[in-house]
Amino acid sequence: MSAAPDTDILVLGAGPVGMTLALALAASRHRVTLVDAAPADAAAGDPRALALSHGARQLLETLEAWNARAATAIDHIHISQRDGFGRAVMTAADYQLPSLGYVMRYGDLAAALAERVARMPAISVLRQSRAVDWRADGAGVGVTLQQQGEVLRLGARLLVHAEGTPYDDPAVSVRDYRQHAVLAEVRTREPHGRQAWERFTADGPLALLPLEDGYAIVFTVPPAKADWLMGLDDEAFVAALQAQFGNRLTFTGAGPRARFPLALRLRQETVAQREVWVGNTAQTLHPVSGQGFNLGLRDAWELASLLASSPDPGVAATLQAYARGRRTDRQGSALFTDGIVRLFSNDIAPLRLARGLGLLALDLFPPARHFVAKRMIWGARAWP
Ligand SMILES: Cc1cc2nc3c(=O)[nH]c(=O)nc-3n(C[C@H](O)[C@H](O)[C@H](O)COP(=O)(O)OP(=O)(O)OC[C@H]3O[C@@H](n4cnc5c(N)ncnc54)[C@H](O)[C@@H]3O)c2cc1C
């Protein structure tokens with residue numbers, strides 16, 4: 001790349017992580033261009049509801065992008081296993097916090113970030129523009145975009161990849177869990193009382209996240225059972241959910257369903273010459289521990305802090321410092337989440353016993369409970 005760059009930092013992907021990064025850089029010396037393949041209103045139709053940690057709320061508040069009206073607080077988390085003993089309860093009061101975390105629809109999170117981005121003159125946004133090719137050299141990166149049939153070429157000093165989950169990328173290792181998450185918003189007879197439920201079953205974890213006056217569920221099952229669940233009418237789906245969860249709540253209705261195949265996808269190298277990968281494109285985790293976006297948010301925050309003080313944002317030393325700084329949090333969160341999935345998604349009797357003992361220990365032994373809770377609340381700051 002020899003000509004003067006069109007922008008300093010080109011962020012590919014205006015999902016929650018890309019937008020957070022752009023906002024965190026808005027007051028820096030760098031010009032930022034956000035590029036996304038989808039139209040502006042696409043996020044509103046995303047079926048995910050995300051559990052956001054207390055730490056995530058603090059970062060989003062700093063960026064004035066916390067959508068307080070769309071957040072439902074989680075004050076308690078109840079963890080148990082179906083057909084096995086042992087249960088643990090975590091409570092916000094134990095951590096002197098207003099809440100352990102919050103649940104928000106992906107669309108509401110993205111809307112608050114997009115609204116804030118629109119008010120920042122230092123950030124340019126190109127929508128319906130898909131990156132199809134990019135080449136880096138020592139001076140910068142040239143990116144080819146397809147914009148509604150037109151081809152556009154942009155030069156930048158740094159290309160940040162925030163395009164979300166990478167499929168078919170040889171630089172990414174994949175562990176397929178052979179589980180699919182079936183998502184829906186459901187209603188119960190009992191009020192949720194700001195309690196989330198994590199119920200481990202032989203099929204996989206079943207999470208109930210309080211959202212407005214119902215729950216958002218993540219119903220994890222083998223692919224063939226997901227086919228079956230997706231084909232049921234609402235009444236039969238509610239009955240299947242009731243059978244999986246047990247009788248502690250009474251389900252009375254369910255909204256539209258969606259499904260996601262689940263795998264651990266880890267990019268081995270998160271930086272290259274004038275390129276860096278953040279959020280889901282760097283690591284895609286199983287949703288069981290609600291870590292994915294929280295981790296991506298911390299990627300964005302740490303990268304922005306380093307870039308803000310670097311006159312040339314693409315300089316190798318800055319990118320290497322970023323990769324080093326994120327290693328423990330990435331690997332710790334991936335191992336933690338992967339461990340839970342593998343320990344809890346089976347019906348092997350000795351493991352069921354070990355899980356029961358583990359849950360009992362979590363409940364009776366505060367240091368064990370605090371170890372888990374602090375990682376959910378603070379992420380990197382809690383790793384040794
Ligand atoms: C079922 C499920 C439940 C989850 N629950 C939680 C939870 O409770 N808590 C939590 O923290 N996380 C959770 N996650 C993870 C969370 O959804 C992701 O970590 C988060 O959305 C990642 O954000 P991102 O910005 O990296 O990627 P994305 O949200 O995928 O955004 C990527 C953006 O890049 C754009 N794009 C893609 N390719 C191109 C291209 N070539 N050119 C231009 N633009 C492009 C896309 O249009 C999109 O807007 C869950 C995930 C799933 C599947």
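In the predicted model, Arg 178 counts as exposed, because its relative accessibility is 62% and the threshold for that class is over 50%. This arginine belongs to strand S12, which comprises residues 172-188, and its phi angle is near 50°, a positive value in a residue other than glycine. A positive phi in a residue other than glycine also occurs at Gln 148, where the angle is near 45°. Gln 148 is placed in the loop that links strand S10 (141-147) to strand S11 (150-161), and with a relative accessibility of 62% it is likewise classed as exposed.

Strand S5, formed by residues 76-81, has 5 of its 6 residues buried and is therefore largely enclosed by the rest of the structure. Two pairings of this strand can be described. With strand S6 (residues 87-91), S5 runs antiparallel and is joined by 5 bridges, and within this pairing Ile 77 is positioned opposite Met 90 of S6. With strand S13 (residues 195-201), by contrast, S5 pairs in the parallel sense over 6 bridges, Ser 80 standing opposite Arg 199 of S13.

An open sheet of 3 strands is arranged in the order S3-S7-S4, and its pairing is antiparallel. Its edges are formed by strand S3 (49-53) and strand S4 (72-74), each of which pairs on one side only. Between neighbouring strands of this sheet the average turn is 30°, with direction ignored. The antiparallel pairing of S3 with strand S7 (residues 101-105) comprises 5 bridges, and in it Ala 49 is set opposite Arg 105 of S7. Helix H2 packs on this sheet through contacts with S3 and S7, and the direction of the helix makes about 90° with that of S3.

Helix H2 (residues 54-62) also meets helix H6 (residues 292-308), the two axes coming within 10 Å and crossing at roughly 40°. The crossing of H2 past H6 is left-handed. On the H2 side the contact involves Ala 56, Leu 59, Leu 60 and Thr 62, whereas H6 contributes Asn 294, Leu 297 and Trp 301. By class, the residues of this contact comprise 5 nonpolar and 2 polar, with no charged residue among them.

Helix H6 also contains Leu 307, which is buried, its relative accessible area being 0%. When residues up to four places away in sequence are set aside, Leu 307 touches Ile 9, Leu 25, His 30, Leu 158, Pro 313 and Thr 318.

From H1, the contact draws on Pro 16, Met 19, Thr 20 and Leu 23, while from H3 it draws on Tyr 106, Leu 109, Ala 110, Leu 113, Ala 114, Arg 116 and Val 117. The residues in this contact of H1 with H3 are divided into 9 nonpolar, 1 polar and 1 charged.

Arg 116, which takes part in the contact between H1 and H3, is located in helix H3 (residues 106-118). This arginine counts as buried because its relative accessibility is 15%, the class being defined as under 20%. Apart from neighbours within four places in sequence, Arg 116 is in contact with Leu 23, Leu 63, Glu 64 and Ala 65. Among these residues, Leu 23 is also one of the H1 residues in the contact with H3.

Note on methods: Residues numbered from 1 in each chain as written. Predicted model: local features only at pLDDT ≥ 70, side-chain atom pairs only at ≥ 80, totals over all residues. Heavy atoms only, no water. Axes fitted to C-alpha atoms, helices over the stretch in contact; angles between N-to-C directions. Helix = DSSP H or I, 4+ residues; strand = E, 2+ residues; numbered from the N terminus. Left-handed = near helix turned anticlockwise from the far one by under 90°. Contact = heavy atoms within 4.5 Å. Nonpolar A, V, L, I, M, F, W, Y, C, P; charged D, E, K, R; others polar. Buried < 20%, exposed > 50% of the residue type's maximum accessible area, 1.4 Å probe, protein only. Pairing = 2+ DSSP bridges.
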